[in-house]
Amino acid sequence: MRQYETMYILKSSLDEAAKAAAMEELHGIITNNGGKIENVDDWGLRDFAYEIDGMSKGYYVVLTYSVDVEGLNEFKRLSGINANVVRTMTINTEEKAGK
């Protein structure tokens, strides 16, 4: 398994319960595919640098985890079609650290 870091943005229109459910659903994709979540950093509501689909704010979350390639691909696929997810960006932290 490799280590990854994903920043994802959820719609600002979500209430706390819906936001928590969306986060749990996304994190479940990783754990259900044999991955391990190491850290969840909820940055809260932040302004966008530019409008995205008519929105100017979103909930930012940074997730650090280990998973195999199949699990990562499934996370990318499901987060890409999730209506509550505005954007995602994933990096391999092993490459960033020079491992």
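## Nonpolar cores

A nonpolar core is here a set of buried Ala, Val, Leu, Ile, Met, Phe, Trp, Tyr and Cys residues joined through side-chain atoms within 4.5 Å, where buried means under 20% relative accessible area, exposed over 50% and partly exposed in between, for a 1.4 Å probe and protein chains only. The model is a predicted one, in which local features need pLDDT of at least 70 and side-chain atom pairs count only at pLDDT 80 or more, whereas totals for chains, interfaces and linings use all residues. Residues are numbered from 1 along each chain as its sequence is written, and side-chain values use heavy atoms, with hydrogens and water left out.

The largest nonpolar core holds 17 residues, of which Tyr-8, Leu-10, Leu-26, Ile-30, Tyr-65, Val-67 and Phe-75 touch the most other members. At least two residues of this core come from each of strand 1 (2–11), helix 1 (16–32), strand 3 (55–67) and helix 2 (69–81); helices (H or I, at least four residues) and strands (E, at least two) are DSSP runs, numbered from the N terminus. A second, separate core has six residues, including Phe-48, Ile-52, Met-55 and Val-86. In soluble globular proteins, nonpolar side chains tend to be buried together.

Ile-30 can be followed through its contacts, a contact being heavy atoms within 4.5 Å. Leaving aside residues up to four places away in sequence, Ile-30 touches Gly-35, Lys-36, Ile-37, Leu-63, Tyr-65, Ser-66, Val-67 and Phe-75.

## Sheet and helices

Four strands form an open sheet in the order 2-3-1-4, with antiparallel pairing; two strands pair if DSSP finds at least two bridges between them. Strand 2 and strand 4 (85–92) are the edge strands, each of which pairs on one side only, and the twist from one strand to the next averages 20 degrees. Strand 1 pairs with strand 4 in the antiparallel sense over seven bridges, and Met-7 stands opposite Met-89 in strand 4.

For the orientations that follow, axes are lines fitted to C-alpha atoms, for helices over the stretch in contact, and angles run from 0 to 180 degrees between N-to-C directions. Helix 1 lies across strand 1, strand 2, strand 3 and strand 4, and runs at about 130 degrees to strand 2. Helix 2 lies across strand 1, strand 3 and strand 4, running at about 165 degrees to strand 3.

## Salt bridges

The structure holds three salt bridges, each defined by a side-chain nitrogen of Lys or Arg within 4 Å of a carboxyl oxygen of Asp or Glu. In one of them the side chains of Lys-19 and Asp-42 meet at 2.9 Å, N to O, and this pair links distant parts of the chain, since Lys-19 belongs to helix 1 and Asp-42 to strand 2 (residues 36–52), 23 residues apart. Lys-19 counts as buried because its relative accessibility is 6%, whereas Asp-42, at 35%, counts as partly exposed.

The side chains of Asp-47 and Lys-57 meet at 3.8 Å, N to O, and the pair links strand 2, which holds Asp-47, with strand 3, which holds Lys-57, across 10 residues of separation. Asp-47 is exposed at 55% relative accessibility, while Lys-57 is partly exposed, with a relative accessible area of 36%. Glu-74 and Arg-77 meet in a salt bridge of 2.9 Å, N to O; both lie in helix 2, three residues apart, about one turn of the helix. Glu-74 counts as partly exposed at 26% relative accessibility, and Arg-77 is partly exposed with a relative accessible area of 45%.
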